[in-house]
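Here is a short tour of one protein model. Have a look at the sequence and the 3D view before reading on.

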Amino acid sequence: MGRSSKDKRDIYYRLAKEEGWRARSAFKLLQLDEEFNLFKGVSRAVDLCAAPGSWSQVLSRKLRGKDKSEEVKIVAVDLQAMAPLPGVTQIQGDITKISTAQEIIRHFEGQSADLVVCDGAPDVTGLHDVDEYIQAQLLLAALNITTHVLKPGGNFVAKIFRGKDVTLLYSQLKIFFSSVTCAKPRSSRNSSIEAFVVCQNYSPPEGYVPNMSNPLLDHSYDVDFNQLEGPNRIIVPFLACGDLSAFDSDRTYPLQLDSSKEYQYLPPTQPPIRPPYQQACQLRKNNLLAKEDSPSGALDDTLSALDL
Ligand code: SAM
């Protein structure tokens with residue numbers, strides 16, 4: 001396979017390099033913003049699970065504008081180190097930890113955020129139930145930290161896997177936000193169970209005190225509408241977003257999109273600085289990697305199914 005084969009199979013991967021985004025995920029946030037106008041009036045934003053940083057790049061370009069406004073504060077959090085970005089403060093930390101929430105608040109000098117986004121994904125195992133469960137836990141951790149840092153009326157956007165227990169997550173989110181929508185940008189493959197919850201107008205229950213316990217297990221916030229069956233069942237609208245004329249992420253496009261221009265391979269905008277797969281690549285280069293038991297390509301198939 002040549003270096004251009006991924007460019008051919010994945011139009012958003014190719015466009016990301018052309019437009020200088022660190023990852024194709026940038027288009028997901030851009031298309032969500034097209035639909036929900038997420039960035040309007042935002043001057044303090046938090047990007048949870050931010051590495052390698054394409055969502056932070058979107059925030060930096062969109063919020064700071066051409067005049068690179070110093071008023072705007074953006075905090076990016078990830079377990080992994082991330083190459084620096086203009087106007088973005090990085091915290092290398094775990095979103096399940098209270099200390100991370102405290103560090104974000106310190107950076108905002110006691111003020112709350114207008115917007116929290118989270119594109120968090122765990123390392124996938126290929127066991128769908130386990131992956132969905134861990135993703136749900138990560139989303140709840142993001143919700144927890146959001147309750148510490150988001151201002152009332154603020155918005156929260158997060159990746160969700162539309163697995164069989166997704167209704168329970170919607171119910172939890174509905175406790176904290178007056179509007180919850182499940183959105184699928186054009187740049188997120190249809191073949192992937194990934195979607196994004198767009199939670200608008202943060203309005204926690206009266207007397208709610210933010211904590212880092214798992215709200216799924218906290219029955220003190222069970223309210224009448226938190227039912228999964230019957231007339232009280234919460235139906236969250238599902239919205240396909242992004243201009244319909246935008247590229248379809250499930251299609252393969254010819255390499256020469258513009259007949260007046262010759263196709264030119266571009267390297268990634270910002271290669272990961274310390275990727276978790278570095279050791280495996282080294283071992284494979286030296287032919288020291290243990291042989292797979294599973295049929296070849298099984299891991300690639302799993303990663304592609306999750307759109308990572
Ligand atoms: N939005 C990013 C972008 O546009 O470049 C891509 C995010 S990537 C799909 C998922 C990230 O979640 C990984 O970098 C991973 O390190 C991070 N992550 C997973 N669990 C985390 C945790 N508990 N705390 C902080 N980051 C976490």
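## Around Lys159

Leaving aside neighbours within four places in sequence, Lys159 is in contact with Cys118, Asp119, Gly120, Ala121, Glu194 and Phe196. Here, "in contact" means that the C-beta atoms, placed from the backbone, lie within 7 Å. Lys159 itself is part of strand β5, residues 150-161. (Helices, H or I with at least four residues, and strands, E with at least two, are DSSP runs numbered from the N terminus.)

Is Lys159 buried or exposed? It's buried, because 23 other C-beta atoms lie within 10 Å. The cut-offs: 20 or more other C-beta atoms within 10 Å is buried, 12 or fewer is exposed, and in between is partly exposed. An unreviewed UniProt entry puts the feature "active site" at Lys159; UniProt positions follow the numbering used here, feature names are shortened, and annotations may be inferred rather than shown by experiment.

## What you're looking at

This is a predicted model: local features need pLDDT of at least 70, side-chain atom pairs count only at pLDDT 80 or more, and totals for chains, interfaces and linings use all residues. Residues are numbered from 1 along each chain as its sequence is written.

Ala51 and Pro52 are joined by a cis peptide bond, with omega at about 5°. Pro52 sits in the loop between β1 (44-48) and α4 (54-64).

Glu109 isn't a glycine, yet has a positive phi of about 50°. You'll find Glu109 in the loop between α5 and β4 (113-118), and it's exposed, with 8 other C-beta atoms within 10 Å.

Note on methods. Contact = placed C-beta atoms within 7 Å.
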